[in-house]
Amino acid sequence: MTTAAPKRLTTSAMIASFADPDQRTTPAPFGHALARLAQERPEIVGMSADLAKYTDMHVFRDAHPDRFFQMGMAEQVLLGAAAGMAEVGLVPFASTYSVFATRRAYDFLCLDIAEPGLNVNVVGGLPGLTTGYGPSHQATEDLAILRGCPNLVIVDPCDSVDIEQAVPALADHDGPTYLRLLRGQVPTVLDEYDYRFELGRAAELRSGRDVLLISTGLMTMRALQAAQRLEADHVDVAVLHVPTIKPLDREAVIRAARSDRLVLTCENHTVVGGLGEAVASTIALAGIGTRLGQVGLPDEFLAAGALPTLHDRYGLSTDALVARVRAELSDRAPWPADPTPPSA
Amino acid sequence: MTTLTDTTTESTTDRVARLRDAAYRIRRHALDMGEVQGQGYIGQALGVADVLAVLFGDVLRFRAEDPEWPDRDRFLLSIGHYAIAAYAAFAEAGIVPVEELETYGSDGSRLPMSAMASYTPGMEISGGSLGHGLGVATGMALGLRHRGHPARVVNLLSDGELDEGSTWEAALACAHHGLSTVLAVVDVNGLQADGPTAGVLRVDPLEEKWRAFGWTTRRVDGNDVGALVAACDELTADPTAPSILLADTTPGHGVPMLETREKAHFLRVEAHEWDIAREQLKEGHAR
């Protein structure tokens, strides 16, 4: 008797969805939010480097064709010209993939936009591991590249709610920003929580006595799912969502980390130079000795493949996160036999 | 005042004479600043002085007393190391007081060695990293046109800067978007950090390249004020394409002692030579 080999998942299109099969989603939240905002803000313009269609900028382009500027597959002039537009009083949102905005055009982001402190909003698609296409398109180190850039505000949104609320906040901020874009059918999660996006502020989405997950970007969605799953094990998990990577809400991080809970940072980014290390240095400099664990991508060039496979393999899936929390708790103390779990 | 002189009633002879005088003073200012520092990009400053005299005396609309005037033409210096030349031109234009030039490169001065927008009135962008100016000019011209401003955007580049791929990204974008308000001026001095441009990375044929990229081009002797004036007049004509003025210049021009010195990116001048240089400059201008 022969059994058919299980069908392997394949690398889907360049842009794979990371939404769960039956998850609520919102189409192109960035494009729609920008198009709406532009109705009342005539100084807002959109630009792209031959990726309008793939960064949801096409929604803005179709709504405001006279305010969209196609710069071609030329990221250096995309960012240089965005600076020039801001110099003459416009508020540009310039979109491309994160890898190109950061690796390829960093000198222009740094010197043309950030140094003069211009209100240019750089929008980077495919942040972290959100495509199975391989290292050329996986911006696993964009936060590490950008965190050292003075003046720059960096936002890693969780879902469509975060994006819709972040767009007007970024336009209002009188300085340069970088948004890690989630595009296409983007999960809608945070409307179930008492939450509003505030630039520079972290938000405790749920409290918990046993574990604290300090998370950003799409990993907040995973953290919330993991927290729900762990309820069944009677593990009480708090989630502190940190959508603004820079400036980091140090007070909120310090307040939360002053605790004997298991503390893990969760990010869709390499463990080098992202949220995890920002939190680690913040609590170390505050003299807090809490042991910290990091959930994030390994310091290596990642494989190509199907996104769910890769999220499992590299530890970003909800299953992987739940397993990691259980393992950390059992390492730390006998668990679940421990009759008195650590309290907050 | 909006422009330095009402050129509509001025004869060409008078115009050229006025701009040659301005170029003389720009060179003189640059030598004075070079002496203060004991070093500097004096070769480039002397070479590009005629170009700057024509731009600030004849092309750009600005208000010396209000460098932020919204309707001004934008002058973008993407070659930050030419700051010494730009400050000399700003002083000649009345944007910076002449007496301030002696602070050039000193701690706390508004006139740092490399041009920075946050330090100096009239400096639109920060230089230092080459290949940025034309991209920013692209965005300014797009933005000004979008907002209905007729202002021109003038970007001064060097031929060495044409090595940078970003310059060519911007060249494509200006032509694609039909940015006729963009005027690029290239100081073609054939010299860059590691030696003659021809040996470092060949950029010729320049005119053909820019024409192929969709630009209206003129190539002139960049130390001939009359030729520069005529070329700038001609380059305002095309309402559909960006224009470029390729100005061949001689580093050290106007001071024979420095003109004939071994060509170097960073020209060495001994302490006792500054007086000789000023004397040679004066003699040359009187001829």
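Let me start with strand 5 of chain A, residues 121-125. Five of its five residues are buried, so strand 5 is largely enclosed by the rest of the structure. Keep in mind that this is a predicted model.

Which residues lie on each side of strand 5 of chain A? On one side you find N121(A), V123(A) and G125(A). On the other sit V122(A) and G124(A). All of them are buried, so both faces are covered, given that buried here takes 20 or more other C-beta atoms within 10 Å of a residue's own.

Now the partners. Strand 4 of chain A, residues 91-97, pairs with strand 5 in the parallel sense, over five bridges. Look for S95(A): it stands opposite V123(A) of strand 5. Strand 7 of chain A, residues 177-180, also pairs with strand 5 in the parallel sense, here over four bridges. There, G124(A) stands opposite R180(A) of strand 7.

Let's step back to the whole chain. How many helices and strands does chain A have? There are 12 helices and 14 strands. The radius of gyration of chain A is 20 Å, and the globule rule gives 20 Å for 344 residues, so chain A is as compact as a globular protein of that length. Along its principal axes, the C-alpha trace spans about 65 × 65 × 35 Å. Of the 344 residues, 54% count as buried. Now take the contacts in chain A between residues at least 6 apart in sequence. Of those, 79% join residues at least 24 apart.

Next, the domains. The assignment for chain A gives domain 1, 25-187, and domain 2, 200-332. Their centres, taken over C-alpha atoms, are separated by 25 Å. Where do they touch? In chain A, 25 residues of domain 1 are in contact with 28 residues of domain 2. On the domain 1 side, the elements giving two or more residues are helix 6 (142-147) and strand 6 (153-155) of chain A. That side divides into 14 nonpolar, five polar and six charged residues.

Last stop, chain B. Helix 8 of chain B covers residues 225-234, and its buried residues are V225(B), L228(B), V229(B), A231(B) and C232(B). Why are they on the same side of helix 8 of chain B? Because they cover an arc of only 165° around the axis. What covers them? The list includes helix 1 (12-37), helix 2 (42-59), strand 6 (216-221) and strand 7 (243-248) of chain B.

Note on methods
Residues are numbered from 1 along each chain as its sequence is written. Chains are lettered from A and ligands numbered from 1 in the order in which they are written. This is a predicted model: local features need pLDDT of at least 70, side-chain atom pairs count only at pLDDT 80 or more; totals for chains, interfaces and linings use all residues. The radius of gyration is taken over C-alpha atoms; the globule rule is 2.2 Å times the number of residues to the power 0.38. A residue is buried if 20 or more other C-beta atoms lie within 10 Å of its own, exposed if 12 or fewer, and partly exposed in between; C-beta atoms are placed from the backbone. Two residues are in contact if their C-beta atoms, placed from the backbone, lie within 7 Å. Domain bounds come from an automatic or database domain assignment. Ala, Val, Leu, Ile, Met, Phe, Trp, Tyr, Cys and Pro count as nonpolar, Asp, Glu, Lys and Arg as charged, and the others, Gly among them, as polar. The arc is that of the directions from the helix axis to the C-beta atoms. Two strands pair if DSSP finds at least two bridges between them.
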